[in-house]
Amino acid sequence: MTIAYRTLLASAAVPAVVLMLNTTACAQDVRTFDVAAGPLDSALIAYSRQSGQQVLYTSAQVAGRTSPGVRGRFGSVAALDQILTGTGLVPSQSRPGVFVLRSVETALLDEAVVDEIVVTGTLLRGPAATPSPVTVVGRDLIDRDGRADVAEAIAALPQNYAGSGTPVGLLALSDPIRTNGALATSVNLRGLGPDATLVLVNGRRMGGTGTKGDFADLSAIPTAAVDRVDVLLDGASAIYGSDAVGGVVNIILRRSLEGSETRLRASASRGGAESLTFAHTAGWVWDSGTGLLSYEYQDQNGLAASDRDYAATGDLRPFGGSDRRLNYAAPGNIVGFNPATGTFTSLFAIRPGADGVANTASEFAAGETNLSNRQAGINLLPNQRSDRLYAFVRQDLTDRIELTADARYSDRRFDYPAAPAITIAQVTNRNPTFFSPSGATSHQIAYSFAEELGNTTAAGFSESLGVSLGVNVRLPGDWRLETYGAFAREESQTEQTDVVHSLFLAEALGTTADSPDTAFSAARDGYLNLFGAGAANSASVLDFISSGYARNGVQGETASLNALAQGTIFELPGGPVRLAFGAQYRTEGLKTSGEQFLQTVAPRTLAGVDYERSLRAAFVEARVPLFGSANARPGLQLLELSLAARIEDYEDFGDTTNPKLGVVWSPTQGLRVRSSWGTSFRAPALTELNEGRNVSAVDVVEGTVSRLALLELGGNPDLRPETAESFTIGFDLEPTITSGLRASFTLFETRFEDQIARPGTELFASALIDPALGPFVRRITPGSADDLAAVNALLNDPTYRFPGVFPPSAFAAIIDGRWVNTSDTLVRGLDGSISYGFNIGDHAFTLEGSASYLIDYDQALTPAADTRSLLNTVNAPVDLRGTIAGIWTRGDWLARFALNHVADYEDAVGRTIDAWNTFDTNLHWTPSQGWAEGLRLSLNLLNVFDEDPPFYDAPSGIGFDPGQANALGRTVSFQLTKRW
């Protein structure tokens, strides 16, 4: 929502300082000033007292800055200019008696009229504090800490868990959700899931991305257009509706600028991941409105797994782990099914001689195994190119009616090498290249096409669109009516090519006769030879079998009509009682499409889906000040209650009502105690309710043995909404007796029930070793007719992706991966931040730290399962994440030194994964005068000492956990920003 005046928040933990003193004095009154030189914060406080003017600024803007002060008779504007000399800040008068400070280098507050703000966590306007904890990341903080974009800044928050919904999680095969085909970057507050954190842009919902269309893509946001990011660390369905369980991320884009700004950033990491970003933003101001246009281009190279030794080979024994290589190799192995282990084991390793093919008995090693890296040649990060555009306009139609409109668009293109093709193929003596060391007429051969075909190729695009049109009306008194319509869409297309076509594979092997429907003839063009060392086949044979591909498209949409009225209903001794109420009508849609050319003579169009639903919502919020400035007394400087409720009625599963209560109490100046309680929910995603059946073959691990399993997926129309109950209590401290000290601490608890999940899918790697997954696993007993019938039923399902590739006897288990209301999660912990600023001569220093400490992260996987602690385990948050930093400023220079910590934890079998400690440093030069005024140069080094991520003996053979660390190593970036 918007309020009549705006206070921007840029500190990550401390609310903006607002000096609200008498504003009736004329800004041009000449009076005597006596403001001593020293910390800028203190100088501005003294100025406000002496001038009677109101000054708005953020604590981050003034932290570490000093003022020369002012003495003598001056007008209010001239005195303020004198105080700000050399600080890199300039004042802007938004209305008589009110000044807003803006930073020259970041234009955090612009020269245009500053008249409104989107406030996160409440429907009500006004300067009152919210009872829920809000962390605010301003654009100056993103730049100061050397973050490339919003996604990086959010990932650095200690409350965020990056274990799912990220590109590296998908490519490193560690993402348990596995729905992020378009390589989006999500936010996952408290580790409750990307779909349990609501992401807004200017208070509007984004379209859903991923194959379920149920989470937002932060990479679609143009960083150059970002004003700030508010992170509400509390459930908020009473305010925003569905998905606001772990919290809300509200990305506030810039709404005004007079002039233009250009940004150029270049970065590189060890071995790759080079990135180049260019952005230009222009703004205009006229008597009755403002306009802004911003464009951003980003080009990022990928990072190959081969550039990191712990991800290069699949053999993790040199690091203290296991050999994760498989028997799909080139040269391959003659394999047989072992009923005792439920796996295909090597009977003979094929060892070709000098001619490159095995055709004598001496070229087969009985009981030995050739091994290869299943993930050979893959990338840990994709190649990506993005174009992003944002536009905003505000126009006063009359003195009471205002029109606003905004639009944003992002087009992201990506590609990466995916895992090479593998097979267990039946080869018979009908193939002239066939040879049996045992005299058999056929063999099953485990083979990798990595040498001959290289990697399969994955590519695609993701487009993001958001538009809104609003009309705001000032009603009698302080009442205001806000109406807007909004539309958002996320569309992605992905394609995987160079995939082995199973029907053509059988034809090229001679297992099936030449098909009249293909131009290939094995007798004429050559038979596929799987007895070679990876170079025995002709290009014509390889081109024929590798002509398979798969294409998939997803489009998620949301549209809404919204109305909100708010104002004062009556006065209490403590202040005005304010009320907001409104309604919303929203539609949600998801469309999918696809085409496969994997096992049929002609490409097959997949049956797409087109899901839609609508919902109606009504909501109300009241703020009741029992004590305020007018009736304050010792121990009760402020006491304010807030009450909110929202009811939503979905056409597919019914209605849900969620209340929220809050209290803010200030017993003395400089101390604020706050608490909140409420319920939240997440509506079942359209795919979770309606998804069709799908069957796939997957590798699962039991101990050090890899087994083959069938994974069954599908929707569930009987799903119920996920529900949550949240409670927070904390305090914000800014003591008047200790200048420069600020602290904020919050104790939180969230009970998340009836979570919708696919335990069999998300944790399939542990399906055979985790007893809690037992209800979702059917083990196959060799020789059992019932088990064989169950396997054949799935193999014959038309959605099965690999018909004919694996025989029924190859499968050790069937895993039920369908959607169910299954788990309950309890998260309890403590967030904290503290900063202290001081001066030594003309040097200003700030010490700051922020951390999140989890006390409990408990989960019952099913209603019948025991509750167990997942804290400090793989695929879950660790107990402690945090950063401590020191900042030095002197004149136009600023330097930052930071230590980041992620606690140690354990893998699935109890082995310790070490803590990860990295060191960052940043250096900024912001000349405040002369030829370079308006310029900012930044040099950033993240992970200065090039610390590798802690080793994790991952089943994938990629030896780190992207949920707690990254593989970039030392990253160097240079950024130039220029205001024109």
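Residues are numbered from 1 along each chain as its sequence is written, and side-chain values use heavy atoms, with hydrogens and water left out. Because the model is predicted, local features need pLDDT of at least 70 and side-chain atom pairs count only at pLDDT 80 or more, while totals for chains, interfaces and linings use all residues.

**Stop 1: salt bridges**

A salt bridge here is a side-chain nitrogen of Lys or Arg within 4 Å of a carboxyl oxygen of Asp or Glu. The whole structure holds 58 of them.

Select R263 and D143. Their closest N and O atoms are 3.1 Å apart. R263 sits in strand β14 (residues 259–269) and D143 in helix α4 (residues 139–144), 120 residues apart. Helices (H or I, at least four residues) and strands (E, at least two) are DSSP runs, numbered from the N terminus. Are R263 and D143 buried or exposed? Both are buried: buried means under 20% relative accessible area, exposed over 50%, partly exposed in between (1.4 Å probe, protein chains only).

Next, select E749 and R828. They form a salt bridge at 2.8 Å, N to O. E749 is in strand β38 (residues 741–757) and R828 in strand β41 (residues 820–840), so the pair ties together parts 79 residues apart in sequence. E749 is partly exposed, at 22% relative accessibility. R828 is partly exposed too, with a relative accessible area of 22%.

D856 lies in strand β42 (residues 843–860), 28 residues from R828.

Now select D195, K212, D214, R682, E688 and E722. Salt bridges link them in a network.

**Stop 2: helix α1**

Select residues 40–51. This is α1, with 12 residues. Its buried residues include L40, L44 and Y47.

**Stop 3: aromatic rings**

Rings of Phe, Tyr and Trp (its six-membered ring) pair if their centres lie within 6.5 Å; planes under 30 degrees apart count as stacked, over 60 as edge-to-face and the rest as tilted. The search finds 21 aromatic pairs.

Select F504 and F597. They pair edge-to-face, 5.6 Å centre to centre, with 80° between the planes. F504 lies in helix α10 (residues 502–509) and F597 in strand β29 (residues 575–597), so the pair ties together parts 93 residues apart in sequence. F504 and F597 are buried.

Notes:
The expected span of a helix is 1.5 Å times one less than its number of residues.
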